[in-house]
Structures are given as C-alpha cells and as structure tokens.
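Biologist: I have not looked at this one before. Can you put it on screen and take me through it?

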Amino acid sequence: MTTTPQDSRAEPTPLAPGAPRSGTTFLGLPTAPRGVGHLRGTQSFPDAARTALRDGQLRANLGRATTTIRGKRAAVVAEVPHWEQLRQAGKALKAATMARLDEHLEELERQVTARGGTVHWARDATEANRIVTGLVQATGSREVVKVKSMATQEIGLNEALEAAGIEAIETDLAELIVQLGEDSPSHILVPAIHKNRSEIREIFRRTIPGVDPGLTDDPRRLAMAARTHLRERFLRARVAVSGANFAVAETGTLSVVESEGNGRMCLTLPQTLITVMGIEKVVPRWEDLGVFLQLLPRSSTGERMNPYTSTWAGVTPGDGPQEFHLVLLDNGRTAVLADEVGREALHCIRCSACLNVCPVYERTGGHAYGSVYPGPIGAVLSPQLTGVEDNASLPYASSLCGACYDVCPVAIDIPSILVHLRGEHVEAQTRPTAEAVAFRGLARVMSNPRLWHLAQRAAGLGRFLARGKPTLPAALPPPASAWTRSRDLPTPPRKSFVQQWTEEHRQ
Amino acid sequence: MRVALFATCLVDTVVPQVARATAVLLERLGHEVVVPPTQACCGQMHVNTGYRREAVPIVANHVRAFAGAEAVVAPSGSCVASIHHQQAMVARRAGEHALADEAQALAGRTYELSQFLVDVLGVTDVGAYYPHRVTYHPTCHSLRLLRVGDRPLALLRAVRGLDLVELPGAESCCGFGGTFAVKNADTSTAMLTDKMANVLSTGAEVCTAGDSSCLVHIGGGLSRLRSGTRTVHLAEILASTEDDVSPTQTTRPAVRA
Ligand code: SF4
C-alpha cells in the first residue's frame, strides 16, 4: 500500500524520497473508540506484570495449564506429516482473502440475505452494541444466552446489554466461571485459565443458587453443577448471541467451533440468533474450511478434531432459530488492514497456541495485557485496533524469542510485527524522549568508528567503579539499575578486542 | 580461508575474550583471521527498540567495514540473525536500496560460528579439550531465527574431557530480549529465575551458548546468587586445548569481597 502522507510532524530523521511509509499512522482510518469495550487496560504492561508476577497461585495455575496444553499440542501436531504445508496453505488463504476483503464481505452479505438472514455493518464497538441491543429489545426478551465469543468481549456487549436492562448469560464453562466470579477473561480460549479447580468450586458455591453445598473440586462434579445451572436457561432462552470462527462467503455459512456443546444449544434452541463477527473472519469458499478445521483444533485444544462444529446459513423454516442477524464488526480492523506489515495480525484464527507457548504470558497471565486479547497476538492486535499510542507498552511486552511464530497455525510473524509496532510508536512521538535522545546519540556513535572507539574507552573506565572486583556494583543509577537490581554486570575490560587486535597486528 | 571476524558490539566492549577465542580457534583450524578495525554494531538493538531509521547509518557502517570480505563470522546467533533478517529490511524501508542490496549480499556471506564450523568448514571435532561438566542453552535467535539446530551440540560432543548434560526446558527463553531486560525487568527476571533453576538442576559447572548477550544475562543472575555455576561462550570452550585453556576465561564465580 502506498500512501500520500499529508503529515506535518517534524521528522527527526528524514526518510529518503520515495520510501514506503506505514499505513496506520498516515491514513487516519478510525481505530476502536475509547470508553467502550475491553481493548485498553488501566496500567502499562510492566506495571501490571509486576503485580501479577507476585501472585504465586496465578503463576502456579498458569504454569501447570500452559505446560499441559503445550505438550498436547506438540504431540498432535507432530502426527501430521504435512503440517508445514497445511500451515502455509492457511497463511496463503488468509493473505488472499484479506487482499479482496471487501468483495468477500459483500458476497457474504448477499448469500446470508438470500438465505433469510439480515446483515448489519458496525463501524465500531458503539455501533455494534447499539445494533445488538436494539435487536434484542425488538424481541421483547430481557435475557440472552451467549456462546463464547471474543468479538463480543472486545466490544463490551455484556455491559451494553446490562445498561439496557438485558441480562447476558455466558454459557461456555470457563466464561461462566469468569462471569460468576465477576472477573475478566485472561485467555482467548480458556478465559478462566488463571483459576484452579478449588477456586472454581469456591466461586460456584458462592454464586450458583441452590448448588450442592457438598460440591467438590472434581472436574466432573463442577461441570455437572454448571450444567444444571445452565440447562434451565437454555430451555427458556428466546435470544442467543454468538461470535463466529468462520463465515463462508460463497454459501453464506457461519461456523462456530467448540468443545462443550453449550454453543450448539445456543445456536439451535432460541428463536432469534444474533452473531457478531469481526470482518476478518470471512473465508471465500466452503472448501477453505478444510484447511482451517485441521489447523484449529490441533493448535488450540490439542485435539485432532474438536467435539462440536456447528454450521448454519440463514434460517431454515421449522428448524432452529427463525430469525438470524449477522453483525459485521470493523472496530479498527480496516486500519489494521491498511498497515502492510501489521495486517498479518488479521489472519489470526484465535487458536491461542501463541499464548500457551509464550514465556511472558506464562508468567504474567492475561490480565496484565489489559485487553481481551492477551499474549503475543494481543500484543500485536490490541495496539493496532486502538492505535499504537493507546497501548504503547504492549509491543514491548515480548523478549522476541519467536516461540509464537513457530506454533502459529497460520504462520503469523508476530515478532516482526512487534518490532514494526515499536518503530511505529517511536516514530509517533512528536517530542524527543530521553530514550530517543540516547538512542539517536548512540546511533551516531555506532556509525562512526572514531567516536565508537572513544565511547568504548569511556565504557572501559566503568571498571574503576568495580574497584578491582569482577562485577560492577549493584547500585547503579537508572536505567542501568533496572538491570543490576537482579543481575550482576561484568566489570568492563581495559581494552576492547578490536583495539587489542589492531594494536597487535599493526606493522 | 580468509575470515573476517565480526566481534559484535557487546562482545567487543564487555567480553572481549569471546572474540579472542573465536580468532584463536579459527587460526588453529588453519584460517587467516582479519578483524576490520572500523566495525561497530549490526544495528539490532536500535531496530528491536523501534529506532529503525536510526539503525540505517549503523547498518551502513557495518557494510562499509566488511566490504569485500570473503566470509564474515560472528560469535553470536542473534547478531547474525539480525544481519540476515533486518539489515536489508530497514535500509529498504528508508529508501536506501543500494545499501539494502549490499547488506543482503553481505548477509549471504555472514555466518554464526557453529554454522560456519559445521556447514562451511565441515568440522565437528575442532580438537578442543575442556574437562568440565557443561550444559548448553540454545538461545532463541540461534534456535528459531537461524535454525542452528544441533550443530553446537555436535561440536560440544567432540570436545575431549567435556561432560555434556542436558538442560531441562532448554528451549525456553532466558528473558534477556535486549532492551526487554530493562523495560520489563520484572518479567525478564522471572524468566531468568526459571532458567537458572534449570541450569542449576543439572549440576553443571558451566552453562554455555552461542550468544554472549544471553550469557551475560544468565551469568549475571548466577553471579548475583553467588552460584558456583558460570557462563562460558561456546567459542571459549572450542578454543580451549590441553596446552592452552583460554587465559582470560573466568574460572571463578564472581563473588564480591
Ligand atoms: S496468532 Fe496464531 S497462534 Fe496466536 S491465536 Fe492467532 S492463530 Fe493462534
């Protein structure tokens, strides 16, 4: 994408003429609005992480859960001899779809409409919430059952419905745990991954009316308690709200992939079904599902095939919901699409494999990211949906170890996007920060051998601070203190290697 | 072969003995080593912190310093990965296409030490002697960006006297991550703690790797704990022989008086 920048910002380092410039900063496309939904936290990542790291129970729960699921995923992926080709096929399909996203969405709209559904276009979270609330109100129902969905979490639909006097009941087991505990999700697949069994038992005993007081933390007993609680709600529900894993443009088919069957109950029992879907979930052809339905379960739950895959197109008289609404949500996605590096983040099929392998996520948990999208994908998606400056600490919340890229079933190069977004953040600053001054100065030094050798000599003088000891003192001024609080720094040598060598080989 | 040695800014300034060991090793294997005196940095730290425009002159300096080199070898998987994956990219982004082409060509002749030894020189037994219990940490960029695979292990297995012990959780990041170690010091330290626990569980005297940055991180943590386990770069182990255990190698844990 080439853009004609009409930007008057002072540019610290002028670009060469004709240099490509990244999209989001210059196109001015709308990002997800503030004050609605859950894409922005209240703290920067380092601050939130600092608190989370001290929560021993959280660390234990997450460590155990992610280790288990990593192992399961690795085992079932290893079974597929052509995994890498499959992965590249998924990547290619997504890239091709994004290149003509508008056409596929219009085709989807035509096909859904032809089959008796109604399509709504929502520019952002506010609009989507208004549309869904209006649709529920029109049915006269005061409650809706919900299929686990990231899009509705993203826009804060439950809060919007509640404000309109409509109760939203989460039916996914983990999502229900989070809802009953008045907590927020910390993982895109297992929203209650930060809770262990005994914590869940405690939440159930406290919040489910009429629950067996002798409830134990046996997973089966816990599931049965949730089942009894939900069953009654399924049977009386008249409206369901879902997200979608995929939407097939050529057939107008929506698809939800799940493990518990609760989603299937929501998708089939009520009279009215409202599906909120990010615009990037569309795939052109039915046969494309063949690729993604192989990639997704193995990557997400570590299963060869997920237990429930529901597909529906429009309405079928006398069978299932008789009214179907599809809300197509932008909420910053077009802005992401405009960024030629960052747009790959839209390929995500929300499997959560990158969260499960991430050494940062494993230790801090999802809440530290402040967005419903945590972990590596969250660190590249949230800042793009909101505009980088609203989530500026997230692209830095990674050691760039690359484990996420290796497991991603659609080969999203998350580390490269993280680095790109760091650049976007730096270049978005209108006033020089102390860091920028330091890095610019260092760049000047590192590109001039004479200055570099002087700087190395100066660094070598740091050895006097050590007063003959092999390491520097732990109490150094910031930013060095951030290192030396937990790690020693070796005493710098008197001479650099290059200097020594040059002296030895001077004839 | 005439080999140009890229010491890398960190090794050159902080742990010069690693570059020295690389030179000693390559000369022992019968190659001529040259050290271009105008070399400085590959630019990775700037790129990875968001200063990609500022990295361009650093890349230009690197390309000038190594112009005409037949083969460039660096004792760092991370810097070599940056040379392969980032230098041309940032130059191109800034519209410096000639520089990008040169950087790309130079990258094609630039090797990480274990790759150079095994793939280019075709040796796994470099004639080293190192009578210590050693565990190997496969640093993330060597592992996932360069895919050095088990080349370092093959080299270590051929070292006489060396007792190689497997590192549990070897493929987990040590938490260094460049400026991540400072910007997210708490998370970085949490990762380091788990890495150190695994290193210490092996009972190894030495933890080795192909990247000094990660070793300075792990070693800094081990030293702070006054652990007896130290970090030693792969090049230092491979340079050691019966007659010449690398003289500058730290053989004592760093304990303050
Ligand atoms: S980025 Fe890739 S690995 Fe992460 S959730 Fe999305 S599809 Fe899965």
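Biologist: Which residues of α5(B) are buried?
Modeller: B:G77, B:S78, B:C79, B:V80, B:A81, B:S82 and B:I83 are buried in α5(B). Buried means under 20% relative accessible area, exposed means over 50%, and partly exposed is in between (1.4 Å probe, protein chains only). Helix α5 of chain B covers residues 77-85, and seven of its nine residues are buried. Helices (H or I, at least four residues) and strands (E, at least two) are DSSP runs, numbered from the N terminus.

Biologist: What caps the N-terminal end of α5(B)?
Modeller: B:S76 does, with a side-chain oxygen 3.3 Å from the backbone nitrogen of B:S78.

Biologist: Before we go on, what sort of model is this?
Modeller: This is a predicted model, where local features need pLDDT of at least 70, side-chain atom pairs count only at pLDDT 80 or more, and totals for chains, interfaces and linings use all residues. Residues are numbered from 1 along each chain as its sequence is written, chains are lettered from A and ligands numbered from 1 in the order in which they are written, and side-chain values use heavy atoms, with hydrogens and water left out.

Biologist: OK, the interface. How many residues of chain A are in contact with chain B?
Modeller: 72 residues of chain A are in contact with 71 residues of chain B; contact means heavy atoms within 4.5 Å. The buried area between the two chains is about 6300 Å², with 58% of it from carbon and sulfur atoms. That area is the accessible area (1.4 Å probe) that two parts lose on being put together, summed over both.

Biologist: How many salt bridges are there across it?
Modeller: The rule finds 13 salt bridges across the interface of chain A and chain B. A salt bridge here is a side-chain nitrogen of Lys or Arg within 4 Å of a carboxyl oxygen of Asp or Glu. One of them pairs B:E54 with A:R440 at 2.6 Å, N to O. Another joins A:D406 and B:R147 at 2.9 Å. A:D406 lies in helix α18 of chain A and B:R147 in a loop of chain B between α9 (140-145) and α10 (151-157), so this pair joins two chains.

Biologist: Which salt bridge links distant parts of the chain?
Modeller: A:E154 and A:R333 meet at 2.7 Å, N to O. A:E154 is in helix α7 (residues 150-155) and A:R333 in helix α14 (residues 333-337) of chain A, 179 residues apart. A:E154 counts as buried at 1% relative accessibility, and A:R333 counts as buried at 3%.

Biologist: Switching to the ligand. What surrounds it?
Modeller: The residues around the ligand include A:I188, A:C348, A:R350, A:S352, A:C408 and A:P409; a residue is near when one of its heavy atoms lies within 4 Å. The shell divides into ten nonpolar, one polar and one charged. Ala, Val, Leu, Ile, Met, Phe, Trp, Tyr, Cys and Pro count as nonpolar, Asp, Glu, Lys and Arg as charged, and the others, Gly among them, as polar.

Biologist: Last one: where does A:L394 lie?
Modeller: A:L394 lies in the loop between α17 (375-386) and α18 of chain A. A:L394 is buried, with a relative accessible area of 2%. Leaving aside neighbours within four places in sequence, A:L394 is in contact with residues including A:F45, A:Y369 and A:L418.

Technical notes
Polar contact = N/O pair within 3.5 Å; in protein donor to acceptor, adjacent residues only side chain to side chain.
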